[in-house]
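Q: I am new to this structure and would like to be walked through it. Could we look at it together, one topic at a time?

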Amino acid sequence: MKRLALILLLGSAIAAHAATIDEVPSPAGANAAEPFLSTTRDGVLLSWIEPAGAKHKLMFARYVNGKWSAPRTIVERDDLFVNWADFPSVIEDAKGVLYAHWLQKSGKSTYAYDVRMATSKDGGATWGKSLLLNRDGKQSEHGFVTLAALPTGGIGATWLDGRNMTGGEHDDHEGGGDMTLRYATIDANGAITNEGELDQRTCECCTTGMAMTKNGPVITYRDRAADETRDISYVRLNGKSWSKPKALRADGWKIHGCPVNGPQTDAIGNEAATAWFTAANGKQSVYVSFLSGGNAIAVDEGKPVGRVDVVMLDAKTALVTWLEQTEASAEIRARKVTSDGKRGPSIKVAESGVARTNGFTRITRAGNDVWFAWTDNTSAGKRVRVARGRGL
């Protein structure tokens, strides 16, 4: 295995604590991309998109007992919507049922696509008939989905829904209507319940984030005000009703068009951490903040591109990843931050690039390890790379 980072020095003590990030051989095939990671009861799930002649297929593998399972195909079609920023996911619920989502074309327009899902009750050996998450029947954009397991089984799903965008095109300012944020729950049999609209006007194409706290789901997303301020907002479920959208921080980023750079959120107990990118006032920054309060904490090195992710390491500590520009190109970097504002050193995870084809790094925590997956885009083609961090 290739060693990506060797030693992390904590404080002034030399080698007081060693953290390693080791590359793990990837199960994905040639020209695979758009990886997603999630944690299961017995290991880690990796999903990705892989070309298959004139078609594409959504595939996954499970890492258990020190090795990957054989890759399996969830769906293979010639009408999958394949996009660097809006990509599928696979997660496991509290009862071991797997849930997959992917994007499928619904019309001739470039950004006319739906969210389809399927469940597996046998660990991914077989999958049930696909179901439609958005049931509005409109040939418009539906995507940027986040899935999260519910405590007693089943999952919650949040997504951006363009049913009110009469122009029918992504970021189409010539048409009318706005992108909306929606939520629903899905059970092992594919039944959709508790569906509703959470925000009637959001940014058109930024990733959403969601985490399950002990008190229920917290959802983060890039909002869109009338004056085109596009800061990060959140909503949370209070018993049976959702809170009103509230700004996570008043960055004041006014931008006429979607930056394709949304937040990510993770939780332990009643604490949640959210990481996000902003370029308010011409200054690019990556921040993290905690649900319990306190100021937003800057984590970047001064030239961030964004494309963030975050995992909670314990009830007071989060690990944030982001893409940082360098003189040569870019690096995937990570930093540990505590809820009282303390920052650990910035760690280089891997070399990368700023092109869209480099996509988004995704991370998950399994026990004491943090797993990283990203698209490596070189002259030889694309490939999905995976690494495991220990002692972070």
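Q: To start, which residue stands opposite valine 90 in strand 9?
A: Valine 90 has alanine 100 opposite it in strand 9. Strands here are DSSP runs (E, at least two residues) numbered from the N terminus. This is a predicted model, in which local features need pLDDT of at least 70 and side-chain atom pairs count only at pLDDT 80 or more, while totals for chains, interfaces and linings use all residues. Residues are numbered from 1 along each chain as its sequence is written, and side-chain values use heavy atoms, with hydrogens and water left out.

Q: How many bridges join strand 8 to strand 9?
A: Strand 8 and strand 9 (residues 98-105) run antiparallel and are joined by 4 bridges. Two strands count as paired if DSSP finds at least two bridges between them.

Q: And what is the order of the strands in that open sheet?
A: The order is 8-9-10-11, so named for 4 strands with antiparallel pairing. Strand 8 (89-92) and strand 11 (131-132) are at the edges with a single partner strand each, so one side of each has no neighbour in the sheet.

Q: Moving to strand 3, how many of its residues are buried?
A: In strand 3 (residues 33-39), 6 of the 7 residues are buried, so the strand is largely enclosed by the rest of the structure. Buried means under 20% relative accessible area, exposed means over 50%, and partly exposed is in between (1.4 Å probe, protein chains only).

Q: What joins strand 3 to strand 4?
A: A hairpin does, through 4 residues. Strand 3 and strand 4 (residues 44-52) pair in the antiparallel sense over 5 bridges. Serine 38 has leucine 45 as its bridge partner in strand 4.

Q: New topic: where is asparagine 65, and is it buried or exposed?
A: Asparagine 65 is in the loop between strand 5 (55-64) and strand 6 (67-68). Asparagine 65 is exposed, at a relative accessible area of 76%. Its phi is near 55°, a positive value in a residue other than glycine.

Q: What about the phi of arginine 307?
A: The phi of arginine 307 is also positive, near 55°, in a residue other than glycine. Arginine 307 lies in strand 25 (residues 304-314) and counts as buried, with 7% relative accessibility.

Q: Now salt bridges: how many are found in the whole structure?
A: A search of the whole structure finds 26 salt bridges. Each is a side-chain nitrogen of Lys or Arg within 4 Å of a carboxyl oxygen of Asp or Glu.

Q: Which side chain meets glutamate 23 in a salt bridge?
A: That of arginine 385, at 2.9 Å from N to O. Arginine 385 lies in strand 31 (residues 381-390) and glutamate 23 in strand 2 (residues 20-24), so the pair ties together parts that are 362 residues apart in sequence. Both arginine 385 and glutamate 23 are buried.

Q: Which aspartate forms a salt bridge with arginine 385?
A: Aspartate 376 does, with the closest N and O atoms 3.4 Å apart. Aspartate 376 is buried at 10% relative accessibility, and arginine 385 is buried at 8%.

Q: Which residues are linked in a network of salt bridges?
A: The network links Arg135, Asp136, Asp161, Arg163, Arg182 and Glu195. Arginine 182 is in strand 14 (residues 179-186) and is buried, with a relative accessible area of 11%. Its side chain also makes a polar contact with the side chain of glutamate 195 (3.2 Å). A polar contact is a pair of N or O atoms within 3.5 Å; within protein, one must be able to donate a hydrogen and the other to accept it, and residues adjacent in sequence count only if both atoms are side-chain atoms.

Q: Lastly, how much space lies in the largest pocket?
A: About 1,100 Å³.

Q: What counts as a pocket there?A: On a 1 Å grid over the protein atoms alone, a pocket is an open set of points where a 1.4 Å probe fits, with protein on both sides within 12 Å along at least five of seven lines; lining residues have an atom within 4 Å of a point. The volume is the space filled by probe spheres set on the points.

Q: Which strand gives the most to its lining?
A: Strand 12 gives the most to the lining of the largest pocket, with 6 residues. The lining has 43 residues, of which Leu147, Ala148, Met210, Asp266 and Thr364 lie nearest the centre of the pocket.
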